[in-house]
Amino acid sequence: MTVNPSGWRPSAPANEQGEAQTVTGNRALMLEEPLIFEIDASETTGVDFADLPKVETRLGGLERSRPIGLPGLSEPEAVRHYTRLSRQNYAIDLGLFPLGSCTMKHNPRLNEKVARLPGFADVHPLQPQETVQGALQVVDELARWLLALTGMPAVAMSPKAGAHGELCGLLCIRAALEARGDKREVVLVPESAHGTNPATAAFAGYRVESIPANTAGRVDLDALTSRLGPDVAAVMITNPNTCGLFEPDMKAISDAVHAVGAFVYCDGANFNAIVGKVRPGDLGIDAMHINLHKTFSTPHGGGGPGSGPVVLSEALAPYAPLPFVERNGDEFRLVEEETAGEHHGRTFGRMVAFHGQTGMFTRALAYILSHGADGLKQVAEDSVLNANYILRSLEDVLDAPFATSGPCMHEAIFSDKGFAGDVSTLDLAKALIDEGFHPMTMYFPLVVHGAMLIEPTETESKASLDQFITALRSIAGRAKAGDQSLKAAPVHAPRRRLDETLAARKPVLTYKEQGAAQAAE
């Protein structure tokens, strides 16, 4: 098998399995789609313009000096091109998206309808506050729900995503330490934490030290407590962790961290597994971001940035960033100045220019209100039930390193132990594509060799899970038998497997004509 021999574009798998060749390269409804630059030349256009007189511009010498070089497509050609490409993309509306630690679940269409209502979809951040009272009320009501669900006294709504929320929490911690004249340099991060945690701590200027996991996949409490000291600013812990397990020693960890004057940051990306069941505030957590797009089913992106509000303990609340919404009777006010509130006089400043992502807030609140408190509790229960169904249905054919550590939470983790010959996790994942599934998260977390992290979420039915399990059991059996045909997978996808080493070491990030690209090799 030749894998991506040109180094710039993966080859199509047609004819390598004895299929009849077609003149067009298309295979029935699987259309062979060229790049947009290959469809038509830049010298042509789909629209005719009369010669325009030369007019003065206001570009101040920044006028384009040469043609833009875009292909001249008609509207039908352009629409068909992008529609054909979209048909080669996998999406949650097509099937199960088992990405572990990512919570790719169905987005109710009700949320989308509400977010598109006039007054939400077209709101502008510079409008007078009296004209956006409804939008401010959404922010305020969503904030109240987040406080109730987490048992925390304060929340910063402006962070745009999970990692942005992590930075917000660490900046609050730094401000609190500086306010008491305490200079600390170290942030401890367990091996079972999300990969963004050490990156965020380093970005914030802290020295990161790793804390090992024990054989049960949890934080090694003895290793953590023995490292705590006056130089430790915070511990960043993910709970439930990236092994898909709840940290039963969370309260003991918090107590030990607080005893040395440090703070506890919790990565709340996996809040989906405990929402309505456990309040992080009761576990001694000082700051935790909540990925609205994960827990409350708003699309990853949502037409713009994501959203990662950060709930804060009483000790960190005074340092929360601006702006925040303040309610006075039936009126809402956006507070944007440090001196506007006595308890916000020590804020570390701003995270963003404006107030957050209205589309994400609106979708999340619609999701919360449609479920109610009892429905949100069922979200956690169903996500845990589905993950454990995956775990127990596959543990006899795939190595599950923490299967005896008790029930998993939102996701199940497996390893490549028992695969024969040179068959790898990557080969199994590529074979899943042939079965019509997006692969699971691979090689993460690092505490498990050849990790396969599977999160089914609560929105999958038993029928869809059974189909996925059947496919994965079959592929796992082939992997354990050393089936070398797995090395060629996928064979039914629109494109062959990339040479991932070459793609990483010699990425081609700009368009080149095929001949020029091959000559460069």
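**Figure 1. A cavity lined by V139, M157, S158, P323, F324, V325, L334 and H355**. These residues surround the second largest cavity of this predicted model, whose volume is about 40 Å³. On a 1 Å grid over the protein atoms alone, a cavity is a set of points where a 1.4 Å probe fits but cannot get out, and lining residues have an atom within 4 Å of a point. Volume here is the space filled by probe spheres set on the points, with grid points joined across faces, edges and corners. Six of the lining residues are nonpolar, two are polar and none is charged. For these classes, Ala, Val, Leu, Ile, Met, Phe, Trp, Tyr, Cys and Pro count as nonpolar, Asp, Glu, Lys and Arg as charged, and the others, Gly among them, as polar. Residues are numbered from 1 along each chain as its sequence is written, and side-chain values use heavy atoms, with hydrogens and water left out. As the model is predicted, local features need pLDDT of at least 70 and side-chain atom pairs count only at pLDDT 80 or more, while totals for chains, interfaces and linings use all residues.

**Figure 2. The largest cavity**. Two cavities of 30 Å³ or more are present in the structure, and the largest has a volume of about 50 Å³.

**Figure 3. The largest pocket, with a volume of about 880 Å³**. Unlike a cavity, a pocket is an open set, with protein on both sides within 12 Å along at least five of seven lines. Here 29 residues form the lining, and Q88, Y90, I433, A493 and P494 lie nearest the centre. Helix 2 (75–87) and helix 11 (425–434) each contribute at least two lining residues; helix 11 gives the most, with four. Helices (H or I, at least four residues) and strands (E, at least two) are DSSP runs, numbered from the N terminus. By class, the lining has 15 nonpolar, six polar and eight charged residues.

**Figure 4. A nonpolar surface patch around Y511**. L35, F37, I68, L70 and Y511 make up this patch, and together they have about 450 Å² of accessible area. Nonpolar patches join side chains of Val, Leu, Ile, Met, Phe, Trp and Tyr within 5 Å, taking residues with over 30% relative accessible area and no salt bridge. The areas come from the Shrake-Rupley method with a 1.4 Å probe, and for residues only the protein chains shown count as cover. Y511 sits in the loop between helix 13 (500–505) and helix 14 (514–520). With a relative accessible area of 35%, Y511 is partly exposed; buried means under 20%, exposed over 50%, and partly exposed in between (1.4 Å probe, protein chains only).

**Figure 5. The salt bridge between E32 and R495**. How far apart are the N and O of this pair? The distance is 2.8 Å. The bridge links distant parts of the chain, 463 residues apart: E32 belongs to the segment before helix 1 (36–39), and R495 to the loop between helix 12 (462–480) and helix 13. E32 is partly exposed, at 29% relative accessible area. The whole structure has 26 salt bridges, each a side-chain nitrogen of Lys or Arg within 4 Å of a carboxyl oxygen of Asp or Glu.

Figure 6. Shared partners join E185, R207, E209, R227 and D231 into one network of salt bridges.

**Figure 7. Backbone details at P240, P490, T103 and S297**. Most residues other than glycine have a negative phi, and most peptide bonds are trans. The bond from N239 to P240 is cis, with omega near -5°, and P240 lies in the loop between strand 4 (232–238) and helix 8 (250–259). A489 and P490 are also joined by a cis peptide bond, with omega about 0°; P490 is in the loop between helix 12 and helix 13. T103 has a positive phi of about 50° and is buried, with a relative accessible area of 1%. S297 has a positive phi of about 55° and is buried, with a relative accessible area of 1%.

How values were computed: Patch = residues over 30% accessible without salt bridge, like charges linked within 9 Å, V, L, I, M, F, W, Y side chains within 5 Å.
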